[in-house]
Each structure stands twice: as structure tokens, then as C-alpha cells.
Amino acid sequence: MNNHRTIIALALAGALIALSGPAFAQEHEASPPPRVKWSFAGPFGKYDQAQLQRGFKIYKEVCASCHSLDMLSIGSLADPGGPGFSQAQAAAIASEYKIKDLDDRGSQIERAGRPADHFPAPFANELAAKAMNGGVAPPDMSTLAKARTYSRGFPWFMLDMFTQYQEHGPDYIAALLKGYKEAAPKGFKMPEGGHYNEYFPGHVIAMPPPLQPGQVTFDDGAPATIDQYANDISAFLVWAAEPHMVARKRIGFQVMIFLIVLAGLMYFTKKKVWSAVH
Amino acid sequence: MSGNSTYQPQSKALQWFEKRLPIGGLIHSSFVAYPTPRNLNYWWTFGGILSFMLGVQIVTGIVLAMHYTPHVDFAFKSVEAIMRDVNYGWLLRYLHSNGAAMFFLAVYIHMFRGLYYGSYKEPREVLWILGVIIYLLMMATGFMGYVLVWGQMSFWAATVITNLFSAIPVVGDIIVSWLWGGYAVGNPTLNRFYSLHYLLPFVIVGVVILHVWALHVSGQNNPTGIEPKSDKDTVPFTPYATAKDGFMVACFCILYAWFVFYIPNFLGHADNYIPANPAVTPAEIVPEWYYLPFYAILRSIPNKLMGVIALFGSIGILAFLPWLDTSRIKSARYRPLFKQFFWLFVIACIGLGWLGSKPPEGIYVIMSRLLTFYYFAFFLIVLPLLGIFEKTKPLPNSISESVLGAKA
């Protein structure tokens, strides 16, 4: 019996050594983004309301000129667990948007937005978005924080299962926004219209550096730096992609407690039932 | 299914009903009086866990279908609307998507358990083959469900997998356009996948009923692999197996809830949160983790047609397992050599899974080929020969002796 265990252990160890070499050699090029301390990380994580409000301001004043946020209704800004705007504030924000609609004669009109409207897109359609942006449409931002990631490599991706690290998206986006370099390193051939970014795969990104220090003024006195902007917009995008995360984690904790108690009771039931047979 | 029941309804009304349709007796004999070997370990609870997961998938799936729109322009948006605007839609969808992963995790444990203890051997060949059919149906259902999301990975997985059929000589391309309902993966493809994704789970339920029926005819295998000989070897299903299964279902739910509530996107691919775009090919096209070993087998073979044959062969070969394994001893407990080859096989499957997620180049290809060779050699060379050459350990006289032997 012990013999077999040893053989299996040796085989496993051998396989791991054989496998991990090329796995590490494979990690290359774009450096892994530094980890940011997010308020929403971990099993009890919650969004920082002030941060989401700042992030929304950056979205509105900077990102929205190129990126759509199609799948969110404007009214969702007032949903529980989110940026914490009041219903009245959300309605006021909505009314600032012009929404294309039809009147009751069927003529095209523009009316003031309502909370049920989704955020209007900056371009009329995808072709227009492409034509205005050098051939590639800027991605929609509704699910962006879940659609971006970076490779953690073995064994970290396995450990992430237990540590619940899942902020790959915002870490990557925040790093990307901070990762622009004025000039590419010596010997790097930069194609026309490209921008050098430390964290973008291949380093050549079409999007020009979107954030400048002092570009957005915050009412809460938060510093007007690229670092601050990058973190705030990343947090906002996580909320946009996962608006019910706070409820999910709260309910998750209740479910966990229930299941652990249930499993405990089931265990003692099973023990009692089987006590006659053993 | 009947024969073990002494079921007598208490009330007059139920007696009246029982005379006309003895469904109470059927349930009683199948899930109460049914004798189970007393030495079953916890690996035997995964049948119950799988039934539970099938139920969860069907219930969450039916509700999701009420909110989903199977159209290329709206599919992705309707999924996002479920995540945002449907009450507890995020919960339903995460239960369903992670539920598929949990379902496969449980079925793999269930299958490896069957392999380890020789549960496919006489008289359980038909039971095993029904299981292989369920597994095939699960793979088809899971794949089509993944396509419904209509993200980048959905679209390109659908393209890659349906294109496999183009490897068939002469009629390949005709078959592929027939599958697509057009000249590329498009709206007709999405519509038929939706229809079949709703249909197949109920086919699975049907085959599961046959699977359980066959199980109740031959009785369960057990860790010793010897058949029960007297009443001392068995205990009634209820309360013994139900209590044990219930405990393990609760434990399994803790793992399931961990994924659903805390890391719901861990098992998914980030690219599937980008809407499907036929004009942009993702940097890497990777299937869900539960298909990765087969993906590695497919890509390890340089010829496309041979790769596809190997892919389907690697699953089809399972159906012949009862006859490929020539040993008359069932349980690995008494088969020292088989036990080692079995664990190597488990390692090979996990290794293939890892290689399936890697690009098909350099050392990865060589390793995939080695492990693919072992995968097939295990069934075609090792198992037939072991039955002839292996020196097995002595079997206990009965199940009760193996359990109580030390005490008695």
C-alpha cells in the first residue's frame, strides 16, 4: 500500500516539475499588473460609494466620449449596493441625456432621458464607431471589467480558487490606465497611431492615454491624479459589470452558514442511523 | 424495481389507488426497501449528488429560458438583462453556469469510482453503457448551453466544434452546413442549439431512469466487488443510504455555493463577456474545463480526420470497457497492478486537461501525444493483458466478513 502511494507521489511530483518549467517560461512580455487593494474584494467586500460616484464622473466626462455603456439603465445608479445616488439624483442625471425616440406621429425626436433609459452610445452605430477610431470600435464598457483579465499561471490560478482573488479585471484595467509610457523603449518598433503601454499584451495600444492629471475635479476632495482616476474608474466598471455583487456576497454568507449547519445536522443524523449497523 | 417491497398503504384511499396504480409500491421498493450493500463508502454518494444537480439544472434552466432571447442580436443582451434586471437573475444564471461545472465534476468522480471498483463488469454492462450515453448527452447539452450566451468564446467554440465534422471525407462540408443551417455559425445555429439545449436534459432524465432501473435490477456494486450473499450483507436504502446521500449532498452544496456566491466567473473564460463577433478571432479558443482532456487528444494528432476519430474514440471506447477489462476480479482493492495503472490513468486525464488549455506547440504537443497514447493504451493494452497476467489478492468470503471480519 505504502509502495503505491510513493509511486503515485513520485509520478505526480515528476509531472509537476515537467509541467511547471514551460508554464513559467511562457509568462512573458506584458508584466503582470500590480494588485490594488479593492474595497469590494473578499467574501465581505462592498463597493465604496464615494469611489463609484467619482468613477461615474470620470466615465461621464472622459470615457463616454468614445465608449458606450449599453446594458445599464441610467436608473440603476440608484440601485441598492451601487454608487448610492438617490432616485431623484438618478432622474436628474438621466434628464441631462438626450435620447432618440419617436413621437406619436412617428417622427424622430430627441427627448430628455428617463431613469429607465439605458446610457446612450457615443456613436450612431458600430461602423461609425470604427470609422471615427482608426478602424477598431472602442469596446462597450458594461461587461469590460469581467471581459479583461491576465494570466496568473500555475499554481497561482489554482490558489485563487481558495483565496477568492477574482479582481483580475480591475487590476488589469487600472494598471493599463497607469501604464502608458511617453516613449517606447529603445529598439521597440512602434507602428503608426500606436501608443506604448507596459501592461497591454504586445505593448501597442490604439487608445491614446485617456487620463491627464487634473482632468476631472472631484467634489469630495480626492486627489486629481492619474492613480486616483485609474482606480476609481476601474471600481466603477466592476460595479457596472457586476451590479448585484454586494447582495451576492451577503446572501452567500447566509447560504454558507445555513449549509454548514445543515451538513452538521445531516452528519449526526447519518451517524445515529448507522450506529446500529457499525 | 419491485420485489423488495412489502408496501401496504395505511389509508383506505391510498389502498384504493394502489390497487389501480401501484406507484407507491414502486417508490417504496426502489427508494426505501431497496437493499444496498452495507459497505458502500462515500464515493457511492455521487449518484445521489448527480440526480440532485440534474434537478437544479432543469429548474434554474426553465426559469432562465423564460427570460432568454435566442437571437444573435439579443442573446448576449438578454443574458445581461437576466444578470441585471431580472429579480435574482444573477443567482439563477450563476447557479446554472456553475451548476454545469459541478455536474461534470460529480460525473467524473462517479465514473472514476466505477472504473476503480470495476462497477462495469458482469452483470452491470448495460448499466455502465447507459451511463456512457448519459455522459455523451451531458457533453452535448453543456456545449450547446455554453453557445447560448453568445459571447466570443461561445461563438468560436461553436465554430471550432461544428467544423470538426468537415473532416469527414466527401460529405463533411454538407454535414457542417446542415448543422449550421447556413454557411456559417449564425442565427439558425443559435436557434437549434437553444431548442436542443432545452430538449436534451429531458432525454437525460429518461436515460437516468433507465440507468437507475438497471441499477436496481443488478444491485449496486461495492468496494469489495463481491455480490451480496445474505441479508447480513445489505441494509435498506432508507434510512441508511438516504441519510448518507443527504449528508454528502449538503457538503457538495457548500462547494457549489462557494463558486456561485464568491467566485462565480472563476471557471469561465473572460472572453465570453465580449459579445460574439464573427470578424474577430480570439487569441486563444479554449473550451470549458470539462472538455479540455478531449480537446488535448484532438489536437495531439496532426491529421484532422484522425484527430476527430481519436476524440470520439476516446469517449466511445468507454462503452466497450466491460469487455476490454478481462479480469474477473472487480475491485481494485484486490488488483495491485491495476490500481497503479488506474492512478496513472487519472494523472493522464488531469494532465491532458491541463494540456488542453495550453497552445498546441513545442513540448505541449509531445506531452499531449504521450498522454493520449497512455489513455488509449490503458483501455486497449493494459486492461486486456492485466486480466491474464495479474496476480490478484484473495477475496473475502462475503461483504459482512470484510466489514466485521476484524471485530468478529
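**Salt bridges and beyond**

Author: In chain A, the side chains of Asp220(A) and Arg54(A) form a salt bridge, at 2.7 Å from N to O. The term means a side-chain nitrogen of Lys or Arg within 4 Å of a carboxyl oxygen of Asp or Glu. Asp220(A) sits in the loop between strand 4 (204-205) and helix 8 (226-241) of chain A, and Arg54(A) in helix 2 (residues 49-61) of chain A, so the pair ties together parts that are 166 residues apart in sequence. Helices (H or I, at least four residues) and strands (E, at least two) are DSSP runs, numbered from the N terminus. Over all chains, the count is 17 salt bridges.

A word on the ground rules. The model is predicted: local features need pLDDT of at least 70, side-chain atom pairs count only at pLDDT 80 or more, and totals for chains, interfaces and linings use all residues. Residues are numbered from 1 along each chain as its sequence is written, chains are lettered from A and ligands numbered from 1 in the order in which they are written, and side-chain values use heavy atoms, with hydrogens and water left out.

Stay in chain A for the backbone. Most residues other than glycine have a negative phi, and most peptide bonds are trans. His203(A) is not a glycine, yet its phi is positive, about 70°. This residue lies in the loop between strand 3 (195-196) and strand 4 of chain A. Phe154(A) and Pro155(A) are joined by a cis peptide bond, with omega about 0°. Pro155(A) belongs to the loop between helix 5 (144-147) and helix 6 (156-163) of chain A.

The loop between helix 5 (89-116) and helix 6 (125-148) of chain B holds Pro123(B).

Now cross between the chains. Contact (heavy atoms within 4.5 Å) involves 49 residues of chain B and 50 residues of chain A. The two chains bury about 4700 Å² between them, and carbon and sulfur atoms give 71% of that. Buried area is the accessible area (1.4 Å probe) that two parts lose on being put together, summed over both. Arg84(B), Phe261(B) and Tyr262(B) supply 17% of what chain B buries against chain A, more than any other three residues. Salt bridges between chain B and chain A number zero.

Domain 1 of chain B brings 44 residues to the contact, and domain 2 of chain B brings 35. About 3400 Å² is buried between them, 71% of it from carbon and sulfur atoms. Between these domains there are two salt bridges. Lys121(B) and Asp325(B) meet in a salt bridge through their side chains (3.1 Å, N to O).

The structure holds three cavities of 30 Å³ or more. On a 1 Å grid over the protein atoms alone, a cavity is a set of points where a 1.4 Å probe fits but cannot get out; lining residues have an atom within 4 Å of a point. The largest cavity holds about 60 Å³ of space, a volume being the space filled by probe spheres set on the points, which are joined across faces, edges and corners. Its lining includes Arg299(B), Lys358(B) and Tyr364(B).

Technical notes:
On a 1 Å grid over the protein atoms alone, a cavity is a set of points where a 1.4 Å probe fits but cannot get out, and a pocket is an open set with protein on both sides within 12 Å along at least five of seven lines; lining residues have an atom within 4 Å of a point.
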